[in-house]
Amino acid sequence: MNNKLAKSFGDRIFLVVDYIVLLTVSLTCLLPMVHVLALSFSDSVSAASNSVLFIPKGFNLAAYDTMFSNPIFLNAFFVSIYRTIVGTAINLAVTVIAAYPLSKENNELRGRKWISLFFIIPMMVSGGLIPNYLLVKNLNMMDTLWSLILPGCLPIGNVVLMMNFFRGINKSIFESAEIDGANDFTILFRIALPLATASIATITLFQMVGHWNEWFGATIYINDRNKWPLQTLLRQMLTNIDYSSFGAESLGKLRLLSDRSFRGAMIVFATVPILCVYPFMQKHFVSGITIGSVKE
């Protein structure tokens, strides 16, 4: 009985420490965002004096009013939405098309090992920035959104995850479908994909976050500022606000603002849309993240 009590006491200590660590990590992630949010709603004096912590001081919407009155922000916002939707759709389509055949056995797909090696080598060794730039340029994709979508349209890591998931599905299901006359396309779209809902939701979330947050590609491949996605525009403005892009009315409002409030509003504007996706994906995320584990 003493052993049981000791074990129970040890378990409680472990849970307390576990909760403390998780709470600390959560606050480390949450509090900076709360601070930026409070900063974006604070007046210029409070923001400039560095007196804003987690609660707005001198509450006002001037930073957001100034930002939304500038068409360049809204244009970049819609460019990012377009890139995220189209890019994620292409990523998923190519990932599934590549992963399903590679999940077959060697006797079902001749040369499967060599094809898998062809995919894995680029995953380990990158061609580098200059070859990628020359490839995009020679394909006449400069100054187009396709330069941000097509070069990385096949995420090898996601292919491996989906391949492992397909290989974990009971083979008797596929064999029964083949006996009933189903071809590979029927099996893929009517059996394999419905069973892979959690995995697809997880990969979709990863790809959407990747497309939404990526900013570097546009600085290399796109010279037209009107085609920049939101993150590229914000990166440029967070490092050096270009006042020439603002109209007379917006400049008048900016004079009443602190740069810190305006930068905080831009960060919130870029973060909130992708956060809204998580509630719809979360119910699939936990099960989808265990792709490749043993299934019965």
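Ser40 is found in helix 1 (residues 2–40); helices are DSSP runs of H or I with at least four residues, strands are E runs of at least two, and both are numbered from the N terminus. This is a predicted model, in which local features need pLDDT of at least 70, side-chain atom pairs count only at pLDDT 80 or more, and totals for chains, interfaces and linings use all residues. Residues are numbered from 1 along each chain as its sequence is written, and side-chain values use heavy atoms, with hydrogens and water left out.

**Ser40**
- Ser40 has 0% relative accessibility and therefore counts as buried (under 20% relative accessible area, with exposed over 50% and partly exposed in between; 1.4 Å probe, protein chains only).
- The backbone oxygen of Leu37 lies 2.7 Å from the side chain of Ser40.
- Leaving aside residues up to four places away in sequence, Ser40 touches Asn60, Ala63, Tyr64, Ser261, Gly264, Ala265 and Val268 (contact means heavy atoms within 4.5 Å).

**Helix 11**
- Helix 11 (residues 197–213) has 17 residues and should span 24 Å at 1.5 Å a residue, which agrees with the 24 Å between its end C-alpha atoms; the expected span is 1.5 Å times one less than the number of residues.
- Twelve of the 17 residues are buried, so helix 11 is largely enclosed by the rest of the structure.
- Among these buried residues are Gln207, Met208, His211 and Trp212.

**Whole protein**
- The protein has 16 helices and zero strands.
- Of its 296 residues, 36% count as buried.
- Of the contacts between residues at least 6 apart in sequence, 71% join residues at least 24 apart.

How values were computed: A polar contact is a pair of N or O atoms within 3.5 Å; within protein, one must be able to donate a hydrogen and the other to accept it, and residues adjacent in sequence count only if both atoms are side-chain atoms.
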